[in-house]
Amino acid sequence: FDCEFAKDVDPTAIEEILRANGLGFQKTVAQQWVENSRRLHERFDGDPRKIFENVDSYPASQELIQNDGKGNGFIGFQEKMTSMIIYYLMDEELIERFNFPIPVDLHVLRVSIANEMITFGDVPHKTNLFTKETLAALRTLYLQYAEDRNVNPLRLCDAVWMLSESSCGRHPGN
């Protein structure tokens with residue numbers, strides 16, 4: 001993760017390392033790794049903590065982290081990855097705490113539906129519920145929950161992720 005080094009590495013070498021470690025599921029990941037290393041190096045002196053200097057909210061974080069397709073942010077990074085970066089840096093006490101929505105993915109969606117935190121009425125069987133609107137609603141729900149109850153978003157992430165991880169293998173679809 002040394003972007004001073006990674007920004008100049010041949011993506012093929014990274015692809016081989018990722019694949020050898022069971023992570024080579026997308027060829028583009030290696031190219032993104034190199035480009036994102038270049039961006040982190042050029043924009044933040046290679047220090048991800050610097051992304052959060054003068055940032056104290058999730059929307060401000062999104063402006064700096066999410067890829068907007070116009071050269072801003074990091075390639076492959078949207079809402080979930082923005083929350084994940086915040087989570088990891090905050091959990092290690094590398095940045096100041098502020099409220100943010102937990103990283104919402106398929107696993108969090110399953111747990112939220114199973115616990116009726118979000119409902120869909122009488123939708124037909126096999127309806128795709130994994131939509132941008134559903135994910136946005138869950139981000140809002142978890143963020144509002146943390147804010148209204150003064151819950152540490154890190155511990156909320158831990159609780160929901162642990163439940164979703166432990167439940168994943170037992171899901172009928174898996």
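Throughout these legends, a residue is called buried when its relative accessible area is under 20%, exposed when that area is over 50%, and partly exposed in between, using a 1.4 Å probe and protein chains only. The model is predicted, so local features need pLDDT of at least 70 and side-chain atom pairs count only at pLDDT 80 or more, while totals for chains, interfaces and linings use all residues. Residues are numbered from 1 along each chain as its sequence is written, and side-chain values use heavy atoms, with hydrogens and water left out.

**View 1. The whole chain, for orientation.**
Welcome to a protein chain with 8 helices and 0 strands. Helices here are DSSP runs of H or I with at least four residues, strands are runs of E with at least two, and both are numbered from the N terminus. Followed along the sequence, the pattern reads α-α-α-α-α-α-α-α. The C-alpha atoms fill a box of roughly 50 × 35 × 30 Å along the principal axes. Of the 174 residues in the chain, 36% are buried. A contact means heavy atoms within 4.5 Å. Among contacts between residues at least 6 apart in sequence, 57% join residues at least 24 apart.

**View 2. The surface and its charges.**
The protein chain exposes about 10900 Å², and carbon and sulfur atoms supply 52% of that area. Accessible areas come from the Shrake-Rupley method with a 1.4 Å probe; for residues, only the protein chains shown count as cover. The chain carries 18 positive and 27 negative charges, and their mean positions are 5 Å apart. Lys and Arg count as positive and Asp and Glu as negative, with His and the chain ends not counted. Each charge is placed at NZ of Lys, CZ of Arg, CG of Asp or CD of Glu.

**View 3. Glu 15 in helix α2.**
Look for Glu 15 in helix α2, which spans residues 11–20. With 14% relative accessibility, Glu 15 counts as buried. Setting aside neighbours within four places in sequence, Glu 15 is in contact with Lys 27 and Ala 30.

Asn 36 sits in helix α3, residues 27–44, and counts as buried at 11% relative accessibility. Beyond neighbours within four places in sequence, Asn 36 is in contact with Phe 74, Ile 75 and Phe 77. Asn 36 and Asn 72 are 36 residues apart in sequence, and their C-alpha atoms are 11 Å apart in space. Phe 74 belongs to the loop between α4 and α5 and is buried too, at 6% relative accessibility. Not counting residues up to four places away in sequence, the residues that Phe 74 touches include Asn 36, Arg 39, Leu 40 and Phe 44, as well as Ile 51 and Leu 64. Trp 33 is 41 residues from Phe 74 along the chain, and the C-alpha atoms of the two are separated by 9.4 Å.

**View 4. Helices α4 and α5 crossing.**
Two packed helices are described by the angle between their axes and the distance between the axes. Axes are lines fitted to C-alpha atoms, for helices over the stretch in contact, and angles run from 0 to 180 degrees between N-to-C directions. The axes of α4 (residues 58–65) and α5 (residues 79–91) come within 10 Å and cross at roughly 110°. The two helices α4 and α5 are therefore roughly perpendicular to each other. Angles of 65 to 115 degrees count as roughly perpendicular. Tyr 58, Ser 61, Gln 62 and Ile 65 in α4 meet Glu 79, Thr 82, Ser 83, Ile 85 and Ile 86 in α5.

Val 108, Leu 109 and Ser 112 of α6 make the contact with Thr 134, Leu 138 and Tyr 142 of α7. In the loop between α6 and α7 you will find Thr 131, which is partly exposed with a relative accessible area of 24%.

**View 5. Two asparagines with positive phi.**
Most residues other than glycine have a negative phi. Asn 54, in the loop between α3 and α4, has a positive phi near 70°. Asn 54 counts as exposed at 82% relative accessibility. Asn 150, in the loop between α7 and α8 (153–168), has a positive phi near 55°. Asn 150 is exposed, with a relative accessible area of 67%.

Note on methods: Angles under 35 degrees count as roughly parallel, over 145 as roughly antiparallel, 65 to 115 as roughly perpendicular and the rest as oblique.
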